[in-house]
Amino acid sequence: MRERTRGRWLYLTVVAVVIAASGAVAGRAWAYWNASATAPGTSLTAGRLDLTINGNLPGFGGTFANTAMSATGLIPTESVAFQVTLQNAGNVRFRVTATGLATGGLSVASGLQFSVHPGGTAANAGTAAAGTRSGTCSGAATFGPAPLNSSQAVIAAPGVLIAPAGAVPLCIRVALPASAPTALQGQSASATFSFSASQVNTP
Amino acid sequence: MSMQPSPKPRWWRRFAVLAVTCVAAMTAGTAAWAVFNDQATMTSGTFTAHTVTSQAAPVCSNQGGVLGLLGFARLTWTHVDARYEYTYTIVQVNNGNVAASGVVTPAGAAGTAVTLDVSSSLVSVGLPGVNYDVTVRARLKAAPTWTAATATVTRVHSVNIILIGLSMSCGPL
């Protein structure tokens, strides 16, 4: 009788372990740890996910005013390219997605046209005085050229993968098309890009 | 001796139901995991479009050969911007007819002089004593539709020189 009882408990234990293991394998049980806990003789420290832009915005959230990303006196057919660096300053792999929105009188259908090139580098030629500014971005565009007069995904899911300590250049080209109407003279606009980094669990 | 399977006791059924429920809860339905994330926002500076600026009112001077024969009116103004060119329209005042029109495209830099010579041949003058208004407007060379909001108007008139022909002179008749 005792042997049968022991056998049942052993059987139940095995089943319980299998249930627990299946939950772990399905990946439903991990959680975001935002604190560290110390057990006797050992220390558990949470990972750190930190997206920075040009080295700015350490820690969670924040807004970086990239005033260098601007241009004055644009005329139709001119364009300017800008490069920023998205960096993983933490120790967790993540993917970055982004949305963009421009506001102002120049942010209309036939106004400023934006292009976003993850991994691309910027190159500029010409002069403002001659009205020959020409910016280019290398690499494939994930957005544009198109206006950003409503919030749009400029880097759609699954996004750009950045490993810990890694960095990815991001090139943004801003152009005023030849079709821009004369009514846009003197108009202006500014843009806001919102980046979202989420950890990547699978290798 | 034969062995008969004993019926499963009640506790076994309860345990089986519990186990199935646990597995179902852990593998189905809405996920309960959380992930690290970070939100970073970047704002740009300002992008501004150019505004085409009108040139100053041209200075008109009478030019011509000996004794002013076959003379013409020369309009001169300062080049505003290297990106500009200037359209002109010459309208006969008494009837509104467009006598001539065209574009002056300076080759020089901003600040250099731009000239437009209004001669009798340019406006195909047939009669003396006729007033003409010369309208000059700046525009972008790269985008001709982008023009200055204001234009300048300079009046000239035709003059009959006996035995020689018609000349153009600055100012109204």
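**Notes on the predicted model, chains A and B**

1. Let's start with how much of chain B is hidden: buried residues make up 35% of its 173 residues. Chain B exposes about 9400 Å², and carbon and sulfur atoms supply 60% of that area. Please keep in mind throughout that this is a predicted model.

2. Now the layout of chain B. You will find 2 helices and 10 strands in it. Following the sequence, the order is α-β-β-β-β-β-β-β-α-β-β-β. Of the contacts in chain B with a separation of 6 or more, 61% are between residues 24 or more positions apart.

3. Before going into chain A, a word on confidence. The mean pLDDT of chain A is 85, and 78% of its residues reach 70 or more. Within chain A, helix α1 (residues 2-26) has the lowest confidence, with a mean of 51, while β9(A) has the highest, at 98. Over residues 17-31 of chain A the pLDDT is below 50, although this stretch has 20 contacts in the model beyond near neighbours in sequence. Where pLDDT is low, the predicted coordinates should not be read in detail.

4. One partner is strand β3 (residues 51-53) of chain A, which pairs with β6(A) in the antiparallel sense over 3 bridges; here Thr52(A) has Gln87(A) in β6(A) as its bridge partner. β6(A) also pairs with β13(A), again in the antiparallel sense, over 9 bridges.

5. Which cysteines are joined? The structure holds 2 disulfides over all chains. In chain A, a disulfide joins Cys137(A) to Cys171(A), with an S to S distance of 1.9 Å. The angle about the S-S bond is -70°, and the link of Cys137(A) and Cys171(A) is left-handed. This pair connects distant parts of the chain, with Cys137(A) in strand β10 of chain A and Cys171(A) in strand β13 (residues 167-175) of chain A, 34 residues apart. Cys137(A) counts as buried because its relative accessibility is 16%, and Cys171(A) is buried with a relative accessible area of 0%.

6. In chain B, Cys60(B) and Cys170(B) are joined by a disulfide, S to S 2.0 Å. Their link is left-handed, with -85° about the S-S bond. Cys60(B) sits in strand β3 (residues 59-63) of chain B and Cys170(B) in strand β10 (residues 165-170) of chain B, so the pair links distant parts of the chain, 110 residues apart. Cys60(B) is partly exposed at a relative accessible area of 23%, whereas Cys170(B), at 18% relative accessibility, counts as buried. The two values fall on opposite sides of the cut-off, because buried means under 20% relative accessible area.

7. Turning to charged pairs, the count comes to 5 salt bridges over all chains. One of them is in chain A, where the side chains of Glu78(A) and Arg133(A) meet at 2.8 Å, N to O. Glu78(A) is in the loop between β5 (71-74) and β6 (79-88) of chain A, and Arg133(A) is in the loop between β9 (122-125) and β10 (134-137) of chain A, 55 residues apart. Are these two charged residues buried or exposed? Both Glu78(A) and Arg133(A) are buried.

8. Chain B has salt bridges too, among them Asp117(B) with Arg74(B), 2.6 Å from N to O. Asp117(B) is in strand β7 (residues 113-118) of chain B and Arg74(B) in strand β4 (residues 72-78) of chain B, so the pair ties together parts 43 residues apart in sequence. Asp117(B) counts as partly exposed at 29% relative accessibility, and Arg74(B) counts as partly exposed at 26%.

9. Another salt bridge in chain B is formed by the side chains of Arg155(B) and Asp133(B), 2.8 Å from N to O. Because Arg155(B) lies in strand β9 (residues 152-161) of chain B and Asp133(B) in strand β8 (residues 131-140) of chain B, the pair ties together parts that are 22 residues apart in sequence. Arg155(B) is partly exposed, at 33% relative accessible area, while Asp133(B) is buried, at 18%.

Definitions and conventions. Residues numbered from 1 in each chain as written. Chains lettered and ligands numbered in written order. Predicted model: local features only at pLDDT ≥ 70, side-chain atom pairs only at ≥ 80, totals over all residues. Heavy atoms only, no water. Helix = DSSP H or I, 4+ residues; strand = E, 2+ residues; numbered from the N terminus. Buried < 20%, exposed > 50% of the residue type's maximum accessible area, 1.4 Å probe, protein only. Contact = heavy atoms within 4.5 Å. Areas by Shrake-Rupley, 256 points an atom, 1.4 Å probe, with all protein chains shown as cover. Salt bridge = Lys/Arg side-chain N within 4 Å of Asp/Glu carboxyl O. Disulfide = S-S within 2.5 Å. pLDDT = per-residue confidence, 0-100. Pairing = 2+ DSSP bridges.
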